[in-house]
Amino acid sequence: MGLSALALFLFTAQVSLPLAGQWVFIAVCYLFAILFKRMPERFANLCLMALTMLLLARYVFWRFTSSLDLESGTEVFLGYTLVAAEAYTWVILILGFVQTAWPLKRKPMPLELNLSDWPTVDVFIPSYNEPLSVVRPTVYAAKGLDWPLEKITVYILDDGHRPAFEEFARQAGVEYISRPDNSHAKAGNINYALKHTHGQYIAIFDCDHIPTRSFLQTSMGWFAKDPKCVLVQTPHHFFSADPFERNFNFFRQMPNEGSLFYGLIQDGNDYWNASFFCGSCAVIERKALLEVGGIAIETVTEDAHTALKLHSLGYNSVYLNNIQAAGLATETLAGHIGQRIRWARGMAQIFRTDNPMFKKGLSLFQRICYSNAMLHFFYGIPRLVFLVMPMAYLFFEQHLINAAALTILSYALPQLIISSYTNSAIQGKYRRSFWSEVYETVLSWYIILPTTLAFINPKLGKFNVTSKGGLIEQSYFDANIAKPYLILLLLNLLGLGVGVLRLFVFNTHETGTVVMNLLWCGFNLAILGAAVGVATESVQRHTHHRVRMVMPAFLKLPGGYTISCYTEEYSAAGLTLAVADTAGISEFSQVQVGLHRGDREFLFPAKIHFTESGHVEALFTNLTPEQEAQLIQCTFGRADAWLNWQEDQTRDRALGGLKDVFAKGMVGYVRLFAWLHKGVAEIGNRLMGNKVQNEKWEN
């Protein structure tokens with residue numbers, strides 16, 4: 001049966017059809033795609049993957065057998081460069097289908113042991129240059145983890161050697177470790193702590209990732225269930241907006257950039273026992289970690305490399321797609337790019353020095369999952385190829401594909417449409433259609449050099465720490481970061497102008513080819529417009545980020561009256577409360593806000609900042625350290641803190657995603673023109689000022 005299906009697949013992939021027959025075949029495939037999507041989700045996804053692979057196979061066969069007979073040496077070079085960039089996307093698509101074919105969707109496992117038999121856990125919170133205001137909530141939440149007190153120890157691992165942190169650790173009742181040097185950055189910091197601690201398991205949190213009280217009870221059960229399990233990873237979740245969400249004002253209206261990885265890919269990896277350590281929000285067995293020499297220090301993505309070593313020894317990992325901690329996203333586009341550069345360079349280093357395809361001890365599918373995670377970060381060059389290739393024809397009339405425009409469209413367009421349809425069906429909950437192109441375009445220029453150098457010489461480059469907790473006092477256009485996008489945008493605009501001339505003046509005999517390249521340019525311009533738009537940094541004046549959540553609360557007024565209410569938003573600085581009757585609440589009055597943690601009740605002193613019909617904003621005042629800890633544990637540390645986080649998001653539609661990208665591209669152009677206008681006005685004012693000054697001197 002399998003051989004018959006394979007034979008039919010190969011026959012269909014290579015059979016030649018007349019142009020009309022090819023379009024009929026496309027129509028039939030599209031009808032099948034619509035039919036498949038109405039089936040149960042997992043079966044539908046597998047069918048859509050198979051259909052996409054069939055159309056891709058037809059395109060690849062045609063591409064290599066019928067489109068590369070090019071004339072000049074320049075055309076051969078450019079044509080083969082384009083097909084190499086396409087081949088990269090084919091490989092990533094196929095490996096991605098393997099990765100996400102059957103997301104495991106594993107559930108937490110209860111810890112069926114007597115309390116006296118529960119293992120000991122050391123909680124590591126590494127820090128380097130982050131402010132204490134960022135680290136303090138994580139420490140307070142870690143202290144509130146539901147675990148026997150005699151079996152858990154919280155450690156601040158301070159690589160910044162700061163007396164204030166040591167003093168805070170003493171006040172908070174946690175341990176403090178500071179090593180004599182900073183060798184190997186975060187990995188070295190954790191490895192030093194391993195030598196000075198003794199817990200059976202290590203829970204690791206980046207210093208801005210605030211755990212919920214249920215973190216350990218949610219994750220630890222799998223270690224008892226599976227003796228070979230040595231790693232449990234949970235998602236990285238962010239309660240603040242990343243640069244894309246903030247600068248385009250769609251926070252919580254569409255998935256975060258990391259949602260695809262933590263929502264789908266890691267779940268898919270888990271089916272193949274290939275989910276890997278992500279540096280935070282995870283628990284690792286100490287014995288196994290020491291067996292591989294501690295956290296890997298050979299590369300700057302020490303987390304994934306450590307998991308690779310553990311898997312190669314035959315150990316198992318678990319991914320629980322259950323948000324159990326939340327942290328701060330990068331504030332600026334520059335910070336975001338810096339973080340992704342480190343990830344890209346580290347993955348290239350692993351691919352070069354410890355390639356999963358050749359590493360002993362891994363299964364075939366573990367090799368595929370790890371390889372795809374690393375190959376993904378080599379998209380810089382292919383993405384730039386797609387952004388500049390239309391100009392080869394529009395500027396110099398170089399033909400990159402030896403086929404008529406309609407023939408090219410009959411093979412390329414269906415494959416693009418069906419693959420977009422399939423990706424929307426599979427990934428729609430975790431990423432909007434066509435937004436991958438925006439994310440990759442923003443980063444592509446910046447990761448080319450780091451990944452290339454790391455592949456040539458893995459020792460080149462240095463570790464950089466991602467800044468968190470910063471402020472943006474006023475909106476500005478980051479022209480320095482946007483420079484590559486502006487150059488590419490100008491290039492495509494020129495190509496569009498030349499293309500219009502070719503359409504009506506120079507190449508009237510190749511109308512189809514000109515139109516196809518103009519459409520290619522137009523798509524590039526939409527993507528580049530969105531990239532430029534995100535480079536306009538929006539204001540971020542809040543040190544304490546607000547989180548929307550409805551939970552019971554009450555206000556205790558100065559006269560002794562108590563009013564029941566609900567929270568609408570909370571932060572470490574204050575709350576917005578929904579109150580039925582605000583008549584008896586005066587602005588600026590001192591009150592106490594009551595919150596619950598389980599069956600316990602806590603009071604926090606606050607001042608009423610403003611009131612309006614049905615709403616009150618209260619700002620906390622003079623909280624003691626004990627009250628600060630209680631506040632974090634009643635809000636960010638609640639077990640249900642992130643349960644309904646995606647409630648505002650709508651299901652993806654492929655055309656809707658494309659429309660949204662074009663809309664954000666237009667926003668980018670509006671912002672670009674505003675920046676140019678402002679720059680011209682400033683130059684004009686400066687020139688006028690100089691002219692007036694010169695006239696004064698002359699007089």
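These legends walk through several close-up views of a predicted model.

**View 1. A patch of positive charge on the surface.**
Welcome to the outside of the protein, where K37, K105, K107, K429, R651 and R653 gather in a surface patch of positive charge. To get your bearings, pick out K105, one of the residues in this patch. K105 sits in the loop between α4 (73-99) and β1 (121-127). With a relative accessibility of 38%, K105 counts as partly exposed.

A search of the whole structure finds 20 salt bridges, and here is one of them, joining the side chains of E628 and R136 with an N to O distance of 3.8 Å. E628 is partly exposed, because its relative accessibility is 24%. R136 also has a relative accessibility of 24% and counts as partly exposed.

**View 2. Two loops joined by R213 and D146.**
In this view R213 forms a salt bridge with D146, and their closest N and O atoms are 2.8 Å apart. R213 is partly exposed at 21% relative accessibility, and D146 is partly exposed at 22%.

**View 3. A buried salt bridge formed by R340 and E257.**
Now we turn to another pair. The side chains of R340 and E257 meet in a salt bridge, with 2.2 Å from N to O. R340 lies in helix α14 (residues 333-353), while E257 lies in the loop between α10 (243-247) and α11. These distant parts of the chain are 83 residues apart. Are the two partners buried or exposed? Both R340 and E257 are buried.

**View 4. A network of salt bridges.**
Here the linked residues are D159, R179 and D181, which are connected in a network of salt bridges.

**View 5. H161 and its positive phi.**
This close-up is about the backbone. H161 is a residue other than glycine, yet its phi is positive, near 55°. You can find H161 in the loop between β2 (152-158) and α6 (163-172). Its relative accessible area is 35%, so H161 is partly exposed.

**View 6. C281, a buried residue with a positive phi.**
What is the phi of C281? The value is positive, about 60°, although C281 is not a glycine. C281 is placed in the loop between α11 (259-271) and β7 (282-285). At 0% relative accessibility, C281 counts as buried.

**View 7. S240 beside the backbone of A329.**
To finish, follow the side chain of S240. One of its polar atoms lies 2.9 Å from the backbone nitrogen of A329. S240 itself is in the loop between β6 (229-233) and α10. Why does S240 count as buried? Its relative accessibility is 1%, and buried means under 20% relative accessible area.

Notes:
Residues numbered from 1 in each chain as written. Predicted model: local features only at pLDDT ≥ 70, side-chain atom pairs only at ≥ 80, totals over all residues. Heavy atoms only, no water. Patch = residues over 30% accessible without salt bridge, like charges linked within 9 Å, V, L, I, M, F, W, Y side chains within 5 Å. Areas by Shrake-Rupley, 256 points an atom, 1.4 Å probe, with all protein chains shown as cover. Salt bridge = Lys/Arg side-chain N within 4 Å of Asp/Glu carboxyl O. Lys, Arg positive; Asp, Glu negative; His and termini not counted. Charge placed at Lys NZ, Arg CZ, Asp CG, Glu CD. Helix = DSSP H or I, 4+ residues; strand = E, 2+ residues; numbered from the N terminus. Buried < 20%, exposed > 50% of the residue type's maximum accessible area, 1.4 Å probe, protein only. Polar contact = N/O pair within 3.5 Å; in protein donor to acceptor, adjacent residues only side chain to side chain.
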